[in-house]
Amino acid sequence: MKFTLSWLKDHLETEAPLEDILAKLTLIGLEVEEVSDPADTLGNFIIAKIISAEKHPDADKLQLCKVDTGSETFQVVCGAPNAKKDLLGVFAPVGTYVPGLDFTLTKAKIRGVESMGMMCSESELQLSDEHDGIIELGANAEADIGNRYIDYAKLNDPVIEIAITPNRPDCLGVHGIARDLAAAGLGTLKEEDRGFKDKGEFKSPVA
């Protein structure tokens, strides 16, 4: 059984941190098998703006970009065909592990020019197979320059997988899991929306 933390909180009113929820699940017999938290791999990627883009002096297909992260400006050598001035995208500073490339960024000289990070494509973040250009965000991302991309894109939602034994079909739904956690003192079960509040508009034929 897999569910996200936000989905659980649709049914359970709780301020408990993720670690406490995981411990309580195991304690009540719903063994946690795996937790996948996007922040572990994507937490260092931030929203940034290309404030200038000029041709690399020694490479026709590369550009020298000045990237603004809100607090600092970095020089980045970029080979993406859509890299251009005023583009809002996703920046990986030096020291960031890039999952789609399976390496950690370091200071590098590309064709003799220093590059301090990279602007990323969706494939480099393992969001899709799209690798022909860097991520382009809408103008509404301007206010989020310097913030984490996973927060902007609402990707910061851990996925919890639990083992369900044959005697616990009541926990094959998120509401049942929330009910058990509430009974164990971890929060308050939210009232389930049953789809109606008032009497029906016609008389029931069922006596």
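Which strand gives the most to the lining of the largest pocket? Point 3 has the reply.

1. Basis. This is a predicted model, in which local features need pLDDT of at least 70, side-chain atom pairs count only at pLDDT 80 or more, and totals for chains, interfaces and linings use all residues. Numbering runs from 1 along each chain as its sequence is written, and side-chain values use heavy atoms, with hydrogens and water left out.

2. Sheet. Three strands form an open sheet in the order β1-β13-β3, paired antiparallel. Strands (E, at least two residues) and helices (H or I, at least four) are DSSP runs numbered from the N terminus; two strands pair if DSSP finds at least two bridges between them. β1 (2-4) and β3 (32-36) are the edges; each has a single partner strand, so one side of each lacks a neighbour in the sheet. The twist averages 20° from one strand to the next. β3 and β13 (residues 159-162) are joined by 4 bridges. Axes are lines fitted to C-alpha atoms, for helices over the stretch in contact, and angles run from 0 to 180 degrees between N-to-C directions. Contact means heavy atoms within 4.5 Å.

3. The largest pocket holds about 330 Å³ of space. A pocket here is an open set of points on a 1 Å grid over the protein atoms alone, where a 1.4 Å probe fits, with protein on both sides within 12 Å along at least five of seven lines; lining residues have an atom within 4 Å of a point. The volume is the space filled by probe spheres set on the points. Of its 22 lining residues, V77, G79, M118, M119 and E124 are the closest to the centre. β6 gives the most to this lining, with 3 residues.

4. T96. This residue sits in the loop between β7 (88-92) and β8 (97-98). T96 is buried, at 2% relative accessible area. Buried means under 20% (1.4 Å probe, protein chains only). The T96 side chain reaches the backbone oxygen of P93 at 2.9 Å. Residues that T96 touches include F45 and F103.

5. Helix α5. In α5 (residues 174-183), 8 of 10 residues are buried. Among them are I177 and L181. The cover over the buried residues includes β1, α2 and β13. G185 follows α5, with a positive phi near 90°.

Key
Buried means under 20% relative accessible area, exposed over 50%, partly exposed in between (1.4 Å probe, protein chains only). A polar contact is a pair of N or O atoms within 3.5 Å; within protein, one must be able to donate a hydrogen and the other to accept it, and residues adjacent in sequence count only if both atoms are side-chain atoms. Lists of a residue's contacts leave out its neighbours within four places in sequence.
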